[in-house]
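Subject: Handover of a structure and the findings

Dear colleague,

Please find below the structure that I am passing on to you. The notes after it set out what was found.

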Amino acid sequence: MLCRLGGRWLRPLPALHLWARDPPLVPVPTSGAKRPTLPVWAVAPVSAVDGNGWYEALATSSPVRVAEEVLLGVHATTGLPWWGGILLSTVALRGAVTLPLAAYQHYILAKVENLQPEIKTIAKHLNQEVAVRASQLGWSKRVARLTYLKNMRRLVSEVYVRDNCHPFKATVLVWIQIPVWVFMSVALRNFSTGATHSEAGFSVPEQLATGGILWFPDLTAPDSTWILPISVGVINLLIVEIYALQKIGMSRFQTYITYFVRAVSVLMIPIAAAMPSSLVLYWLCSSLMGLSQNLLLRSPGFRQLCRIPSTKSDSETPYKDLFAAFYSKFISRK
């Protein structure tokens, strides 16, 4: 027998006896003036990084080799110095891969947000139906609660499937962006420590040693001024704060995650200070692209171009609102 709920036909709740069966829920060679050297752990051969060989397996893996070929290809094709090749490769990867995925993530999240009123209505009617059934059959509060949760999960899943916007699809960006970041980082470390040489016969570390710019002319050495490492930390913290300012009434779990990412952003500063400048330059470029991507996806015009549905939380003046929230939280608070 079907029951009518919120304008749609639903299957009746399962009988109590069915629930009884359900389970409970080394320094780099140099010439001339002295320069900062990398710590031993940062330049050790890949086979010595870990006794179990997991890093060696990663550093010699096919995805890392592909990342190395991409970097070498950009450098050879464009003729740019290494700092320019790293910057161009980062912008190209972020623009061609992660930006479309980020737009897709916002598309899914916007559809999920727009479904919340319907889901709240379903929850209200289901709660009433469960209360009536519990009274008729003498269910305990625990059985009634489990019955409600099981059917609510099923109904919400049906709504998401109907509109093709299951929240898990919004995590695709993470599963692509993090591996790409890791593979590119390991590839640049291989170049900087001499673990990889070009098939053309030239020494990549020797080219990197003169491929920098400004205060970091040697990309195989760490940045002794700490400008690059601190910049990485500041940009990452800024991204976190922009995300936090978007959220109103964050859950306890979201709050813990925000504090964790803040701590990681600060911890990245001393780690980056011990890494080759080529690696830190990539991290900085990637973070700057992430910040730009975050701001771009706030633009109403760009969201419309990407066909992201409008939601109640959208603003016609997102940048003005963001500045006001940032000013209120960090500058004008008494």
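A residue is called buried here when its relative accessible area is under 20%, exposed when it is over 50%, and partly exposed in between, with a 1.4 Å probe and protein chains only. Val159 is buried on this scale, with a relative accessible area of 0%.

Before the details, a word on the basis of the values. This is a predicted model, in which local features need pLDDT of at least 70 and side-chain atom pairs count only at pLDDT 80 or more, while totals for chains, interfaces and linings use all residues. Residues are numbered from 1 along each chain as its sequence is written, and side-chain values use heavy atoms, with hydrogens and water left out.

Overall composition

The protein has 14 helices and two strands. These elements are DSSP runs numbered from the N terminus, with helices being H or I of at least four residues and strands being E of at least two. Of the 334 residues in the protein, 39% are buried. The accessible surface comes to about 19300 Å², and carbon and sulfur atoms account for 65% of it; the areas come from the Shrake-Rupley method with a 1.4 Å probe, and for residues only the protein chains shown count as cover.

Annotated spans

An unreviewed UniProt entry places the feature "transmembrane region" at residues 170–188, 226–244 and 256–274. UniProt positions follow the numbering used here, feature names are shortened, and annotations may be inferred rather than shown by experiment. In the model, residues 226–244 are 95% helix and 0% strand, with the end C-alpha atoms 27 Å apart. Residues 256–274 are likewise 95% helix and 0% strand, and their end C-alpha atoms lie 28 Å apart.

Helix 6 and the residues that approach it

Helix 6 covers residues 82–137 and has a kink of about 40 degrees at Gln116, shortly before the proline Pro117. The bend at a residue is the angle between axes fitted to the seven residues ending there and the seven starting there. Gly138, which follows helix 6, has a positive phi near 70 degrees.

Val159, in helix 7, is 40 residues from Ile119 in sequence and 8.1 Å from Ile119 in space, C-alpha to C-alpha. Leu173 belongs to helix 8 (residues 172–193) and is buried, at a relative accessible area of 9%. Neighbours within four places in sequence aside, Leu173 is in contact (heavy atoms within 4.5 Å) with Thr98, Leu101, Ala102 and Gln105.

Helix 12

Beyond its neighbours within four places in sequence, Ser287 is in contact with Ile235, Asn236 and Ile239. Ser292 also lies in helix 12, but counts as partly exposed at 43% relative accessibility. The C-alpha atoms of Ser292 and Leu99 are 10.0 Å apart, with a separation of 193 residues along the chain.

Aromatic rings

Rings of Phe, Tyr and Trp (its six-membered ring) pair if their centres lie within 6.5 Å; planes under 30 degrees apart count as stacked, over 60 as edge-to-face and the rest as tilted. By this rule there are four aromatic pairs. In one of them, the rings of Trp215 and Phe216 have centres 5.1 Å apart and planes at 70 degrees, so the pair is edge-to-face. Trp215 is partly exposed, at 37%, whereas Phe216 is buried, at 6%.

A charge sits over a ring if NZ of Lys or CZ of Arg is within 6 Å of the ring centre and within 35 degrees of the ring normal. The charged end of Arg262 sits in this way over the ring of Tyr259, 5.1 Å from the centre.

Most residues other than glycine have a negative phi. Asn164 is not a glycine, yet its phi is positive, at about 55 degrees. Asn164 lies in the loop between helix 7 (141–162) and helix 8 and is partly exposed, at 48% relative accessibility. Trp226 has a positive phi too, near 65 degrees. Trp226 is found in the loop between helix 9 (204–208) and helix 10 (227–246), and is partly exposed at 38% relative accessibility.

With kind regards
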